[in-house]
Amino acid sequence: MKVLLQLSWFFKQRKKQYALGIAALVLVSILQLLPPKIIGIIVDDITLGRLTAPGLTKWLIILGIAGILMYFARFYWRVMIFGSAVLLSRTMREKLFNHFTRMSPSFYQKRRVGDLMAHATNDINALQQTAGMGILTLVDSISTGGFVILTMAITINWKLTLIALIPLPFMIFLTSYYGRLLRKRFRFAQEAFSNLNDKTQESITGIKVIKTFGQQKEDIEDFTNLSTDVVGKNMRVARIDALFDPTITGIFAVSYILSFYFGTKYIIAEDMSIGDMVAFSTYLGLLVWPMLAFGFLFNIVERGNASYSRITELLSIAPEITDLPGAIDKRPEGDLHFDIEEFKFPSDEALALHNVHFSLKQGETMGIVGRTGSGKTAILKLLLREFEGYKGSIVYGGNPINQYKQQRLRESIGYVPQDHFLFSTTIAENIAFTNPKIAKEKIYEASRLAQIHDDILGFSEGYETIVGERGVSLSGGQQQRVSIARALIMEPELLILDDSLSAVDAKTEEAILEALKQYRTGETTIITSHRLSAIQHAHKIIVMHEGTIAEAGTHEELLAMDGKYKEMYELQQLEVMVEQGGEV
Amino acid sequence: MSVEKQPKLTGKDQWQVLKRLLSYTAPHKASITIALVLLIMTITGGIVGPLIIQRFIDNYLTPLNFPEREVTAIVLLYIGIQLFMVVVSYFQLMRFQDIALKIIQQMRIDVFSKVHGLGMRYFDKTPAGSIVSRVTNDTESIKDMFVSVIVTFLQAVFMLIGVYIALFSLDVKLALISLLLLPLFLAIVVIYRRYSTDFYQDLRERLSQLNAKIAESLSGMGMIQAFRQEQRLEAEFDEINEKHFRAGMRNIKFDGILLSPAIDLLYTGAIIFVLGYFGFISLDSPVEVGILYAFTTLIGRLFQPVQQVMQRLSIFQQAIVSASRVFKLMDDNDMEPEQQIVKNAEIGDGKIEFRNVSFSYDGKADVLKNISFTANAGETVALVGHTGSGKSSIINLLMRFYEYERGDIFIDGVSLKEYPQEELRQKTGLVLQDPFMFYGDIESNIRLHNKEMTPEEVRGAAEFVRANDFIEKLPGKFSHRVTERGSTFSSGQRQLVAFARTIATNPKILVLDEATANIDTETEVAIQASLEKMRKGRTTIAIAHRLSTIQDAELILVLHKGEIVERGTHQELLSQKGLYHMMYELQNSTIEDVI
């Protein structure tokens with residue numbers, strides 16, 4: 001029940017709705033008592049021959065009014081209680097989403113999207129259940145259950161009531177136990193299903209390989225085995241699921257037999273009438289739901305507890321990088337001084353960077369080369385202020401970057417990442433990501449600079465072509481160029497290309513670099529690349545090796561230095577020689 | 001998580017789909033009969049119970065006369081029936097589940113097999129995600145229908161019949177009047193169905209939009225933050241969230257108006273009617289109160305199944321939509337090219353000849369125009385050219401991924417179309433540009449489904465292509481797990497595994513699509529060396545991106561816009577000073593610039 005306390009902030013916020021909803025629910029559980037009672041009275045009146053037309057009419061009218069009142073009350077509590085529950089899920093989802101947007105990259109580095117999605121869907125769903133079904137089962141099992149039992153005990157026969165109730169706790173226990181088993185087995189069934197899903201996904205993505213090796217039959221066999229597993233796991237679920245109805249039937253049958261057996265004795269002893277007996281057995285029927293609800297309640301609340309603590313845990317994670325008090329509200333521009341003594345990623349033991357010092361004047365272009373893991377990306381991530389906790393300083397435009405407002409710092413930087421992520425919307429919207437209302441002409445201009453304009457015009461819908469799963473799938477090179485256009489459109493003070501030309505061919509690469517050179521005269525550019533051709537014209541090149549600068553200088557200076565850069569170059573030259581196979 | 005459009009179905013379409021769905025029950029006739037018998041027994045038990053109580057009330061309780069034998073008999077009968085019902089209803093529920101699950105399994109296997117029979121054309125125009133959805137998610141929602149809707153529906157029908165039989169046996173006149181409930185039920189169900197379908201559909205779509213938005217935002221959070229679009233995204237999300245909330249509220253209200261509150265109201269109405277009927281009759285003539293009891297109890301049993309049917313209409317609707325999509329896939333006739341086997345042709349030396357082959361994917365623009373060339377046994381023919389020049393199409397035809405009509409391709413003088421499929425698959429090995437790795441381990445990725453291959457053969461193949469160098473360094477070596485499409489391996493390593501996989505089948509003809517991705521130098525050396533070894537003694541058709549890798553090819557074809565514009569050896573082509581020469585210069589100058 002802890003979760004109900006933890007959700008009290010929400011219940012308080014919606015106290016009017018909950019109060020009215022619960023009141024309606026209680027009203028229903030009271031009005032529900034009328035039909036059996038009236039049936040009992042009429043039965044008695046008939047057996048005793050004392051029924052009169054006006055009397056009968058009176059009872060029927062009362063019943064009619066009760067029925068109509070119940071209709072409205074039932075409608076009303078649904079809107080109030082279930083409605084509030086839907087509102088809770090909306091509120092929590094919003095909180096979670098807004099929280100997600102504030103989390104630093106390190107947060108996403110540690111977690112998988114799938115897991116976060118599970119919180120946003122399953123856990124929120126469990127909370128909605130708690131605030132809706134949870135409240136309903138709690139109130140209904142107490143009020144309906146309570147009122148029915150009280151009515152049976154007070155107006156009919158308390159001894160008989162106690163006797164009839166004996167089997168019912170077993171039902172609560174059993175259904176609650178089934179519920180738990182069911183959930184466990186259901187999870188296995190889900191797993192089996194998701195295996196099947198993965199298998200299908202794999203077969204379809206790898207269809208060419210399967211066709212090439214002529215292994216369709218074997219693959220179908222494999223699929224058949226997995227689908228048999230799905231059937232098996234689902235049957236295990238069914239074995240429990242099918243227990244509910246028979247259990248309820250069985251336990252209530254025991255209850256009925258007990259009531260009639262002892263009821264008959266009381267009737268013989270003239271402690272109660274036949275009408276009482278009829279009413280009693282109808283009341284017993286009314287107890288099915290509250291008993292079931294009581295069993296459900298435990299499971300709902302148990303799930304709600306787990307989900308609520310998972311969500312609050314997630315929400316309590318503070319963003320690692322925040323604006324300092326009195327942060328500078330100005331877009332940084334100017335020279336860049338990068339002086340890092342030491343830095344390591346929070347998840348790593350080893351230093352990612354040490355003794356990295358360089359300066360870049362406004363308007364200059366710098367190239368960073370080095371192997372994967374040499375620290376290229378770490379430098380960029382620090383520049384973007386995705387990570388902090390380094391020894392040293394990064395000064396941009398006269399101030400350390402952590403003294404700017406994050407928003408302002410990012411306004412200066414146009415970042416094109418390695419893993420060019422595009423949103424599943426139109427190409428135009430992807431390019432105009434920073435400003436959806438920007439003029440079409442600007443979008444074309446950025447696209448032309450990124451050498452993607454002609455490609456886009458070649459698509460059937462042009463700039464309105466939707467990319468991603470629902471639309472056209474772009475080649476890696478096209479995706480890279482769209483993300484370059486997306487960064488260029490904001491006319492950034494500092495453009496960062498993080499190995500963003502790897503999938504474009506040499507000619508296009510050259511054209512893009514040339515366009516950048518002409519168009520970006522006063523602004524600063526940093527390019528990292530595997531291919532030396534992408535950075536050879538830079539004003540300054542640094543060669544990263546094992547987290548530090550091994551060499552720095554211009555292309556010519558570096559070659560003259562006879563070091564790593566030269567080595568890389570020689571390796572490439574060697575490749576050329578090997579490729580030419582000694583024919584030259 | 002993509003949001004898919006739901007096809008609009010007319011009533012007639014829906015009926016067709018349902019009929020076809022139900023045809024899947026045919027192989028289970030016997031089992032279904034048993035399940036139905038069990039169902040009828042359960043329902044009969046449920047109806048007989050109140051009737052026994054009625055007898056008890058009228059015959060023994062009202063007159064307060066309890067002959068021991070008769071009463072014992074009736075009590076034992078009641079207990080017996082209840083016990084029987086508990087057992088029978090369990091087996092009945094299980095039986096229906098079993099049938100439903102088996103039907104769905106069959107359907108899944110059918111769809112999956114169908115997918116395997118489809119030609120590459122289908123995969124080109126259909127996103128993988130939506131095919132997967134057909135095989136798994138859509139069949140899952142059909143399962144829900146078989147499991148819950150059909151059983152509930154049958155239950156409701158039998159319950160209605162059973163209750164009415166009982167009512168007629170008790171009081172014909174009142175039972176006749178009670179028949180009026182049927183059109184009322186029907187009206188509620190029809191009205192409910194008309195609106196709930198749309199409302200529920202709307203809610204479902206909004207939810208999938210909502211989840212798609214969260215999923216995409218999470219994957220693209222880096223970009224959203226780098227471009228400081230958090231607030232815009234939050235606003236967009238709020239809007240979707242709000243719409244989803246409204247749809248949810250509308251559903252609650254609608255269900256509140258027509259679902260259980262309405263059914264309960266109707267039930268109260270029915271009780272009033274029954275009481276009134278017996279009450280007013282009793283004013284003139286005696287009435288058996290047991291019958292009154294039985295009537296009120298039995299009529300109550302009519303309402304529950306109706307409500308359950310209504311609650312499950314949306315599942316039904318969803319299943320029909322899903323089924324229509326599944327059937328559409330099953331009816332697709334973009335099949336694999338068919339072989340016209342003339343004789344049991346076998347590939348011997350592996351001489352390949354393309355003779356005047358023209359080809360178009362869409363029937364409009366030709367991507368291959370009159371292609372003719374010969375690759376003699378054991379020779380290498382290299383294909384070079386820009387993206388879209390037709391290199392891959394040549395391979396696609398040679399691999400029988402697509403059917404061609406104009407011109408012909410021969411292996412050892414026999415048309416490609418006349419070989420049995422297995423012969424072609426066995427004797428030709430294709431290495432794809434982006435090698436695909438399956439879930440499993442290294443060994444299973446080399447042997448694939450071939451159970452006859454010994455571990456030694458697997459190792460031999462790996463050794464041959466020099467893949468063992470890196471495999472031996474992995475923890476677990478050949479049993480090292482491969483997960484997430486082999487993303488833990490470099491593309492060079494994946495390529496080597498793909499080589500091993502191909503060489504393990506010892507093909508006569510080798511088709512290579514060279515990888516363009518960055519490959520580290522060490523692996524690159526291994527790849528080049530093993531390529532050379534693999535090509536020995538095999539006819540090879542290779543797409544080359546780096547001209548340097550194919551300089552020793554016996555024939556190089558330079559393609560441009562679907563035509564062979566130059567052909568010859570490396571030296572011949574260089575001296576021609578044509579397109580090949582230009583391409584060569586360009587590739588070299590890129591590297592020279594670095595120098």
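This is a predicted model: local features need pLDDT of at least 70, side-chain atom pairs count only at pLDDT 80 or more; totals for chains, interfaces and linings use all residues.
Chain A is described here by its overall dimensions. The secondary structure of chain A consists of 22 helices and 10 strands. Its radius of gyration is 36 Å, whereas a compact globule of 584 residues would have a value near 25 Å. Along the principal axes, the C-alpha trace of chain A extends over about 120 × 65 × 50 Å. Of the 584 residues in chain A, 46% count as buried. Among the contacts in chain A with a separation of 6 or more, 78% are made by residues 24 or more positions apart.

For chain B, the corresponding description begins with 21 helices and 12 strands. The radius of gyration of chain B is 36 Å, well over the 25 Å that the globule rule gives for 595 residues, so chain B is more spread out than a compact globule. A box of roughly 120 × 60 × 50 Å, taken along the principal axes, is filled by the C-alpha atoms of chain B. In chain B, 42% of the 595 residues count as buried. Of the contacts in chain B between residues at least 6 apart in sequence, 81% join residues at least 24 apart.

The domain assignment divides chain A into domain 1, covering 2-104 + 114-315, and domain 2, covering 336-422 + 488-580. The C-alpha centres of these domains of chain A are 60 Å apart. In chain B, the assignment gives domain 1 as 11-330 and domain 2 as 352-434 + 507-594. A distance of 60 Å lies between the C-alpha centres of domain 1 and domain 2 of chain B.

The two chains touch each other. In this interface, 110 residues of chain A are in contact with 110 residues of chain B. Helix H5 of chain A, residues 53-102, contributes 23 residues to the side of chain A that touches chain B, which is the largest share. By residue class, that side of chain A comprises 57 nonpolar, 34 polar and 19 charged residues.

Chain B contains an open sheet of 6 strands with mixed pairing, in the order S6-S9-S10-S3-S11-S12. Strand S6 (428-431) and strand S12 (563-568) of chain B stand at the edges, and each has a single partner strand, so one side of each is left without a neighbour in the sheet. On average, and with direction ignored, neighbouring strands of this sheet are turned by 15° against each other. Within chain B, strand S3 (residues 380-384) and strand S10 (residues 539-543) run parallel and are joined by 4 bridges. One residue involved in this pairing is Thr380(B), whose bridge partner in S10(B) is Thr540(B). Helix H13 of chain B, residues 391-398, lies across S3, strand S9 (509-513), S10 and strand S11 (555-560) of chain B. The helix H13 of chain B runs at about 145° to S10(B).

Backbone angles were also examined. Most residues other than glycine have a negative phi. Arg385(A) has a positive phi of about 60° although it is not a glycine. This residue, Arg385(A), lies in the loop between helix H14 (376-383) and strand S4 (391-396) of chain A. Arg385(A) counts as partly exposed because it has 19 C-beta neighbours inside 10 Å, while a residue is buried if 20 or more other C-beta atoms lie within that distance. In chain B, Asn370(B) has a positive phi near 50° and is likewise a residue other than glycine. Asn370(B) is placed in strand S2 of chain B, residues 366-375. Asn370(B) has 15 C-beta neighbours inside 10 Å and therefore counts as partly exposed.

Glu386(A) is also found in the loop between H14 and S4 of chain A. With 20 other C-beta atoms within 10 Å, Glu386(A) is buried. Not counting residues up to four places away in sequence, Glu386(A) touches Ser104(A), Pro105(A) and Lys381(A). The C-alpha atoms of Glu386(A) and Ile321(A) are separated by 7.6 Å, and these two residues are 65 residues apart along the chain.

Technical notes:
Residues are numbered from 1 along each chain as its sequence is written. Chains are lettered from A and ligands numbered from 1 in the order in which they are written. Domain bounds come from an automatic or database domain assignment. Helices (H or I, at least four residues) and strands (E, at least two) are DSSP runs, numbered from the N terminus. A residue is buried if 20 or more other C-beta atoms lie within 10 Å of its own, exposed if 12 or fewer, and partly exposed in between; C-beta atoms are placed from the backbone. Two residues are in contact if their C-beta atoms, placed from the backbone, lie within 7 Å. Ala, Val, Leu, Ile, Met, Phe, Trp, Tyr, Cys and Pro count as nonpolar, Asp, Glu, Lys and Arg as charged, and the others, Gly among them, as polar. Two strands pair if DSSP finds at least two bridges between them. Axes are lines fitted to C-alpha atoms, for helices over the stretch in contact, and angles run from 0 to 180 degrees between N-to-C directions. The radius of gyration is taken over C-alpha atoms; the globule rule is 2.2 Å times the number of residues to the power 0.38.
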